[in-house]
Amino acid sequence: MLEHVDGTLNLRNNRITSIDFGSITHIGGSLFLYNNELTSINFGAITRINGDLQLYNNAFTSIDFGAITHINGDLQLYNNAITIIDFGAITHINGNLQLYNNAITIIDFGAITHINGNLQLYNNAFTSIDFGAVTRIDGDLQLYNNNALTSIDFGVITRIDGDLQLYNNNLTSIDFGIITRINGLVLLHNNALSSIDFGAILFISGSLRVYNNPSLTSIDCRNFGSCLCRSSNTIPINCPNDCTLSVCD
């Protein structure tokens, strides 16, 4: 009975429609399941994947990660028909979490507390998002081109060590919750925001981009940011100098 795979398990570029990993508990490398016709996956007894989990370009509409708790590489789940995702028992993703070009309407981050790379959530169908137990993102948080997204709650996230990209959505309000530090750019342009309150934030290292929010008549930057990209109708208060055109493009 197979219980361990010491290296990478490569099942990509086939016409597989379903798969059951049975008694396997550990994969020592990556698990490649992309470019198939998968509609169902049973991860069986797997608890840990020491590389990437690549699940893109398939046909499933939902996924259950079963007993998996750790993914030590990227989790790539894009270009599928998935509408609902629940990360279940997963607590750590030590790479990027990529969830774009799907039809996701509901996302539950479950037990995940820390994402060591980028969190990419663009071109989906959700109307709101809650980050659950996530406290820290070590890379960029990219949440753009979600046309139905009107609200966002950062929950217990305290720190983003890359850019915060929230542009080209339909956001009417943002609650930054208990975030205190963003070590990159803050991109809020092309939304429907009428006001921006930075909440508990104490530091933003990069530029602030808030243009093309037609109802945003003023912004209090609280002396954050390296420069400001704004529309002419937005009055800056306690803001850095306007950015050059090359920065705002």
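**Entry 1: ground rules.** Helices (H or I, at least four residues) and strands (E, at least two) are DSSP runs, numbered from the N terminus. I am working on a predicted model, where local features need pLDDT of at least 70, side-chain atom pairs count only at pLDDT 80 or more, and totals for chains, interfaces and linings use all residues. Residues are numbered from 1 along each chain as its sequence is written, and side-chain values use heavy atoms, with hydrogens and water left out.

**Entry 2: Asn-223.** I looked up its place first. Asn-223 sits in the loop between β28 (218–220) and β29 (228–229). Its phi is near 65 degrees, a positive value in a residue other than glycine. Is Asn-223 buried or exposed? I found it exposed, because its relative accessible area is 64%. The cut-offs are under 20% for buried, over 50% for exposed, and partly exposed in between (1.4 Å probe, protein chains only).

**Entry 3: Asn-168.** I found Asn-168 in the loop between β23 (164–165) and β24 (181–182). Its phi is positive too, near 55 degrees, and this residue is not glycine. Asn-168 counts as partly exposed, because its relative accessibility is 25%.

**Entry 4: the sheet.** I traced an open sheet of 10 strands with parallel pairing. The order is β1-β4-β7-β10-β13-β16-β19-β22-β24-β26. Two strands pair if DSSP finds at least two bridges between them. Which strands stand at the edges? They are β1 (4–5) and β26 (203–204); each has a single partner strand, so one side of each lacks a neighbour in the sheet. I then checked one pair inside the order. β16 (residues 114–115) and β19 (residues 136–137) pair in the parallel sense over 2 bridges. Ile-115 stands opposite Ile-137 in β19.

**Entry 5: Asn-94.** Asn-94 lies in the loop between β13 (92–93) and β14 (97–98). Asn-94 is partly exposed, with a relative accessible area of 30%. I listed its contacts (heavy atoms within 4.5 Å). Not counting residues up to four places away in sequence, Asn-94 touches Ile-71, Asn-72, Gly-73 and Asn-116. Next came polar contacts: pairs of N or O atoms within 3.5 Å; within protein, one must be able to donate a hydrogen and the other to accept it, and residues adjacent in sequence count only if both atoms are side-chain atoms. The side chain of Asn-94 makes one with the side chain of Asn-72, at 2.5 Å. Another, of 3.2 Å, joins the side chains of Asn-94 and Asn-116.

**Entry 6: Asn-80.** I placed Asn-80 in the loop between β11 (75–76) and β12 (84–86). Asn-80 is buried, because its relative accessible area is 9%. A polar atom of its side chain lies 2.7 Å from the backbone nitrogen of Asn-58.
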